Amino acid sequence: MFKYILIIFLATRLINLTLLPIFIDEANYLDWGWRETHTPNFLFYSLYDAKPPLVMWLFGLAQSVIPDPLLAGRLVTVLFGLLTLLGLYKLSSNLLAPILYTLSPIFLFFDRQALMETPMSAVGVWSAYFLLRRHPIITGAVLGLGLLIKTNSVL
């Protein structure tokens, strides 16, 4: 049954991925990602606007592989959405949480944007997973990665 949820998730996130117009935050993040990975001495450029650099680095690396920067950045967030879906599947005892995540309009919207909300949801789900499994070191590592995505992960 989960494979059908996975197919629906990928179909709803990947079809017409670049059809929605680019938002100013996406444009900034994609530009910062390119600068941080392709310009010498700009590795932490996003910190000038108080944004941690991990997702920007991933955007920049994806732009090195995929020529369309918008598609590259949005694919990164779709992959984080997939990580969130897998984490919800492992956390839940039934399929209700993955189904709700896949079909919820708010997640349908944000999983298709090159923003930091989807990576933060992946950090939240996986830190909860490892916390409940009593793996404090892995939980701390996941939360540390969350700090490199958005400083709100401390909360």
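Contact means heavy atoms within 4.5 Å of each other. The legends below describe a predicted model, in which local features need pLDDT of at least 70, side-chain atom pairs count only at pLDDT 80 or more, and totals for chains, interfaces and linings use all residues. Residues are numbered from 1 along each chain as its sequence is written, and side-chain values use heavy atoms, with hydrogens and water left out.

**View 1. Q113 in the loop between α6 and α7.** Helices are DSSP runs of H or I with at least four residues, numbered from the N terminus. Q113 sits in the loop that joins α6 (105–110) to α7. Its contacts are L20, F23, E26, R74 and T77, leaving out residues up to four places away in sequence. Q113 counts as buried because its relative accessibility is 0%. Buried means under 20% relative accessible area, exposed over 50%, and partly exposed in between (1.4 Å probe, protein chains only).

View 2. Helix α2 spans residues 24–38, 15 residues in total. From first C-alpha to last it reaches 21 Å, close to the 21 Å expected at 1.5 Å a residue. That expected span is 1.5 Å times one less than the number of residues. Which residues of α2 are buried? They are E26, Y29, L30, W32, G33 and E36. Seen down the axis of α2, these buried residues fall within an arc of 165°, so they line one face of the helix. The arc is taken from the directions from the helix axis to the C-beta atoms. The buried residues of α2 pack against α3 (54–65) and α4 (69–91).

**View 3. The pairing of α7 and α8.** The axes of α7 (residues 117–132) and α8 (residues 136–147) come within 8 Å and cross at roughly 170°. Axes are lines fitted to C-alpha atoms over the stretch in contact, with angles from 0 to 180 degrees between N-to-C directions. The two helices, α7 and α8, are therefore roughly antiparallel to each other (an angle over 145 degrees). From α7 come M120, V123, W126, S127, F130 and L131; from α8 come I138, T139, V142, L143 and G146. The residues of this contact divide into eight nonpolar, three polar and no charged. Nonpolar covers Ala, Val, Leu, Ile, Met, Phe, Trp, Tyr, Cys and Pro; charged covers Asp, Glu, Lys and Arg; the others, Gly among them, are polar.

**View 4. Two loop asparagines with positive phi.** N16 lies between α1 (2–14) and α2. Its phi is positive, about 55°, although N16 is not a glycine. N41 lies in the loop between α2 and α3. Phi of N41 is near 65°. N41 is exposed, with a relative accessible area of 82%.

Conventions:
Angles under 35 degrees count as roughly parallel, over 145 as roughly antiparallel, 65 to 115 as roughly perpendicular and the rest as oblique.
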